[in-house]
Amino acid sequence: MGDVGANGGITDIFNRPLRDLRISVTDRCNFRCVYCMPKEAFGRDYQFLERRQLLTFEEIERIARIFVPLGVSKIRITGGEPLVRKNIETLIAKLAAIQGLDLALTTNGSMLPRKAQALKDAGLTRVSVSLDSLDDDVFKLMNDVDFPVSGVLDGIEAAAAAGLTPIKINMVVRRGFNEGSVVDMARHFKGTGHIVRFIEYMDVGETNGWRMDDVVPASEIVTMIGAEMPLEPAEPNYRGEVADRYRYLDGSGEIGVIASVTRSFCGDCTRARISAEGSLYTCLFASKGYDLRQLLRSDADDATLAEAITKVWRGRDDRYSDLRSEAAIGPPRVEMSYIGG
Ligand code: SAM
Ligand code: SF4
Ligand code: SF4
């Protein structure tokens, strides 16, 4: 069984340390991306969380402070769409005050024109922005709420102007939808300092109707881009980096590919996730979380919470992507918009 990692933090059954924490601050979103929250599935019957079910900013800060001594050095705020959570910058300020923490946020970019400067002022240093195409028709087909590309590009510009850099731009590639936008995206952002990361469409949740045929393998993406703009592989920035990096031979920057399906990276997975209602998940593909909110709202002290988290992490044996083919028939999996990407 895992014990104490090199940084004094905790490790799991496969000796993987706990390093990254993704915190979802809402399960709501102003988009209905077809691969994440399809309209049919998140229609009238779907029950979003009520406000009292969400962790408060104070509860999130407390949890974050408990996680840091257990080994966490990086926290990413996500959702749903994190910028639809009212006064999100108040939470950012609380987390930015924690010593030694790398703080990041993933957003669909639509509200960045309004929010970028407030986020920067609160202490955020960088953002990742999701954008699946530069073609309005394709993008609207993917976000399914008629949101134009220009709205996200304005958001990226606002983030850059506020100094939230380097900006990573995440594009989920789904065959039959946007593989024709891959080279355009690379070309558009080449030389801007922003790093586009192409993500293989994953079988997260139960609602997106994923099929293996929908996945455009990372190797195909690199070949498509490299044919026009020659690339060479670059070294990872750190052990366990999920994106494989490639740099342009002409020195004008780099791209990343996240081959979560065709080249799983469970062996190096150091991520825990907390859902908007405070459940702890040790894998993106988990079907069940551990209820931290109930402990937070009891009279349990910080040491008790740390013990509970430690027990969960030490018992962690998840490696879903490695086992994908067998696990495909397993129990229902939690949705990406709930657990946070
Ligand atoms: N709403 C924010 C956004 O879109 O950036 C944050 C939450 S979203 C769930 C986080 C990331 O997960 C996004 O980059 C999104 O594209 C990605 N994502 C969602 N569903 C996915 C899927 N089935 N496969 C791969 N990536 C997915
Ligand atoms: Fe919303 Fe992000 Fe999911 Fe798209 S990927 S529906 S923007 S949470
Ligand atoms: Fe980590 Fe689970 Fe993804 Fe494997 S499948 S890399 S354990 S989140």
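A residue counts as partly exposed when its relative accessible area falls between the buried range, under 20%, and the exposed range, over 50%. Gln-294 has 48% relative accessibility, and therefore belongs to the partly exposed class. The model discussed here is a predicted one. Within it, Gln-294 is part of helix H8, which covers residues 292-296.

Twelve of them form an open sheet with mixed pairing, in the order E7-E8-E9-E6-E5-E4-E3-E2-E1-E10-E11-E12. At the edges of this sheet are strand E7 (231-233) and strand E12 (290-291), each of which pairs on one side only. In general, strands of a sheet pair through backbone hydrogen bonds, in either a parallel or an antiparallel way. Strand E1 (residues 20-24) and strand E10 (residues 271-274) run parallel and are joined by four bridges. Here Asp-20 has Arg-271 of E10 standing opposite.

Two ligand surroundings can be described in turn. Around ligand 2 are found Cys-29, Phe-31, Cys-33, Tyr-35, Cys-36, Met-37, Gly-80 and Asn-108. Sorted by class, this shell has six nonpolar and two polar residues, and no charged ones. One of the surrounding residues is Cys-33, and Cys-33 counts as buried because its relative accessibility is 14%.

The shell of ligand 3 consists of Phe-265, Cys-266, Cys-269, Arg-273, Cys-283, Leu-284, Phe-285, Arg-316, Asp-318, Tyr-320 and Ser-321. Seven of these are nonpolar, one is polar and three are charged. Cys-283 is among them; its relative accessibility is 12%, so Cys-283 is classed as buried. A disulfide, in general, is a covalent bond linking the sulfur atoms of two cysteines.

Finally, there is the second largest pocket, with about 240 Å³ of space. Its lining is made up of Leu-280, Tyr-281, Thr-282, Ala-286, Lys-288, Gly-289, Tyr-290, Val-312, Gly-315, Arg-316, Asp-317 and Asp-318. By class, the lining has five nonpolar, three polar and four charged residues.

Note on methods: Residues numbered from 1 in each chain as written. Chains lettered and ligands numbered in written order. Predicted model: local features only at pLDDT ≥ 70, side-chain atom pairs only at ≥ 80, totals over all residues. Heavy atoms only, no water. Near = heavy atom within 4 Å. Nonpolar A, V, L, I, M, F, W, Y, C, P; charged D, E, K, R; others polar. Buried < 20%, exposed > 50% of the residue type's maximum accessible area, 1.4 Å probe, protein only. 1 Å grid on protein atoms, 1.4 Å probe; cavity = no way out; pocket = protein on both sides within 12 Å on 5 of 7 lines; lining within 4 Å. Points joined across faces, edges and corners; volume = space filled by probe spheres on them. Pairing = 2+ DSSP bridges. Helix = DSSP H or I, 4+ residues; strand = E, 2+ residues; numbered from the N terminus.
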